[in-house]
Amino acid sequence: MSRHESQSPSPRETTSPGTAADSSSREPVVELVSAPPGVLELQSPVVAKCSEWIEKYKAGAVQKGEASYEIHSLLAASGERSDVIKAAVESYIAILDQHDVKMAGAFKRGRPGSGRARSLSGTSASSGSNAGTPPRSTSSDSRAALRKNKKVEESNLPWVVRNKLFGSELQVELRATLELLKAWSVNPKQVKSSIINTPKCPAFPDSEWLNLVQGRPINLDNVFSGFYSTSTDNQRTESVGEIELKFGTKDASKPVTTHGDWTIAFDLTRDAYLFAFAHRADKLKQYQRFILQQFATKRESEHLRVIALDRAIRKRVSERRDLLLSDFDQFGDLQIMHLDHYGAADQDRDAESAAPKDRPTIKKHNEPC
């Protein structure tokens with residue numbers, strides 16, 4: 001393939017592998033081929049240099065034609081296969097086109113975001129067109145809807161770009177869970193409504209279902225309280241913009257304080273997890289066995305420490321997307337903090353401060369004999 005041709009072949013024309021494309025045969029050959037690997041197979045230095053030209057174009061330092069030519073030259077000199085180069089060129093051209101669309105939209109709203117948008121403004125003004133004149137007034141509802149529906153381009157998110165270029169080495173269970181949480185994050189309340197209206201849905205507190213589908217830690221105290229409660233939890237939450245308003249009443253909390261309490265609450269929680277994340281059965285079983293072993297090796301008076309350790313582990317896992325509950329080697333610091341007497345978490349003092357006062361209040365009455 002020549003690197004110095006003035007015109008590159010059309011991306012819609014595909015020639016059969018091993019057959020030279022000459023001037024006598026220009027008809028595309030239709031064949032079933034796999035999608036090219038594209039940018040993923042390029043070397044890191046090449047990707048970095050191409051990204052520099054993308055940033056120069058976004059900053060208005062170079063024209064689109066120059067940026068496209070330099071990117072094509074870098075890819076052509078990389079020594080990669082022609083299908084890899086073609087897919088990479090198309091990806092980078094798409095990024096340039098997306099930037100043009102964004103700048104054109106900013107100009108129409110009267111808020112040019114860079115020197116390139118200002119050049120578009122000058123061109124429009126010189127031609128005498130008033131199509132890009134921003135409106136004099138916009139309602140607050142329209143502005144709020146625009147902010148709500150506006151999305152950030154993935155090309156401006158470095159972590160997303162790194163993940164796409166170099167991949168992410170995650171275990172199978174983590175990838176499956178992450179894909180579900182991403183899909184559910186679009187409308188978690190709809191997901192919760194679908195779950196609780198499905199036959200054979202396990203009994204579980206309404207508020208904790210929402211925590212589950214959003215990847216947040218489950219409050220075992222609420223689960224345990226709901227198990228013994230005889231009243232309906234009619235507490236509901238309504239959102240007004242970014243403010244959440246809670247209505248109704250919630251049953252008094254019955255905290256988990258013993259080994260038996262924890263077992264009951266975790267069994268209910270495990271059933272709820274398996275209803276939504278069936279692929280996590282083995283890991284949940286391993287984690288439950290791990291916590292039960294901690295209970296078995298501690299005196300009953302120390303069980304509050306084990307309950308605190310469980311709460312801390314589940315909180316850490318909920319804040320990460322690369323940890324499983326069965327990654328016990330990642331929780332050594334938490335074990336020292338909560339199980340050891342010289343750990344940072346002083347559970348004995350916390351337990352004493354939280355314990356109810358058993359002594360009744362005696363009122364003295366000065367009554368006549």
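Which residues in helix 13 are buried? In this predicted model, His303, Arg305, Val306, Ile307, Ala308, Leu309, Asp310, Ala312, Ile313, Arg314, Val317 and Ser318 are buried in helix 13. Buried denotes under 20% relative accessible area, exposed over 50%, and partly exposed in between, with a 1.4 Å probe and protein chains only. Helices (H or I, at least four residues) and strands (E, at least two) are DSSP runs, numbered from the N terminus.

Residues are numbered from 1 along each chain as its sequence is written, and side-chain values use heavy atoms, with hydrogens and water left out. The model being predicted, local features need pLDDT of at least 70, side-chain atom pairs count only at pLDDT 80 or more, and totals for chains, interfaces and linings use all residues.

The protein chain contains 15 helices and two strands. It has 369 residues, of which 29% count as buried. Contact requires heavy atoms within 4.5 Å. Among contacts in the protein chain with a separation of 6 or more, 59% involve residues 24 or more positions apart.

Helix 13 is mostly covered, with 12 of its 16 residues buried. From first C-alpha to last, helix 13 reaches 23 Å, close to the 22 Å expected at 1.5 Å a residue. The expected span is 1.5 Å times one less than the number of residues in the helix. Serine 318 belongs to helix 13, which covers residues 303-318. Serine 318 has a relative accessible area of 15% and is therefore buried. With neighbours within four places in sequence set aside, serine 318 contacts Gly215, Arg216 and Pro217.

Arginine 316 also lies in helix 13. Its relative accessible area is 25%, so arginine 316 is partly exposed. Beyond neighbours within four places in sequence, arginine 316 is in contact with Leu323, Gln330, Phe331, Asp333 and Leu334. Arginine 316 and arginine 216 are separated by 100 residues in sequence, yet their C-alpha atoms are 9.9 Å apart in space.

Salt bridges were assigned where a side-chain nitrogen of Lys or Arg is within 4 Å of a carboxyl oxygen of Asp or Glu. The count by this rule is 10 salt bridges. Arginine 316 pairs with aspartate 333, the closest N and O atoms being 2.8 Å apart. This pair links distant parts of the chain, with arginine 316 in helix 13 and aspartate 333 in helix 14, 17 residues apart. Aspartate 333 has 39% relative accessibility and so counts as partly exposed. Glutamate 319 forms a salt bridge with lysine 315, with 2.7 Å between the closest N and O atoms. Glutamate 319 is exposed, at a relative accessible area of 53%. Lysine 315 is partly exposed, at 45%. A further salt bridge joins arginine 299 and glutamate 302, whose closest N and O atoms are 3.3 Å apart. Arginine 299 counts as exposed at 56% relative accessibility, whereas glutamate 302 counts as buried at 8%. Elsewhere, Lys64, Asp97 and Asp100 are linked in a network of salt bridges.

Nonpolar packing was considered next. In soluble globular proteins, nonpolar side chains tend to be buried together. A nonpolar core is a set of buried Ala, Val, Leu, Ile, Met, Phe, Trp, Tyr and Cys residues joined through side-chain atoms within 4.5 Å. The largest such core has 36 residues, and Leu212 and Ile313 have the most contacts inside it. Two or more residues of this core come from each of helix 7 (172-184), helix 8 (188-196), helix 9 (206-213), helix 10 (220-228), helix 11 (259-276), helix 12 (281-296), helix 13 and helix 14 (332-339). Not counting residues up to four places away in sequence, leucine 212 touches Leu181, Ile218, Ala272, Tyr273, Ala276 and Phe277. Another core, of 15 residues, lies apart from this one and includes Cys50, Val62, Ala67 and Leu96.

In helix 8, the buried residues are Pro188, Val191, Lys192 and Ile195. These residues lie on the same side of helix 8, because they cover an arc of only 100 degrees around the axis. The arc is that of the directions from the helix axis to the C-beta atoms. The buried residues of helix 8 pack against helix 7, helix 9 and helix 11.
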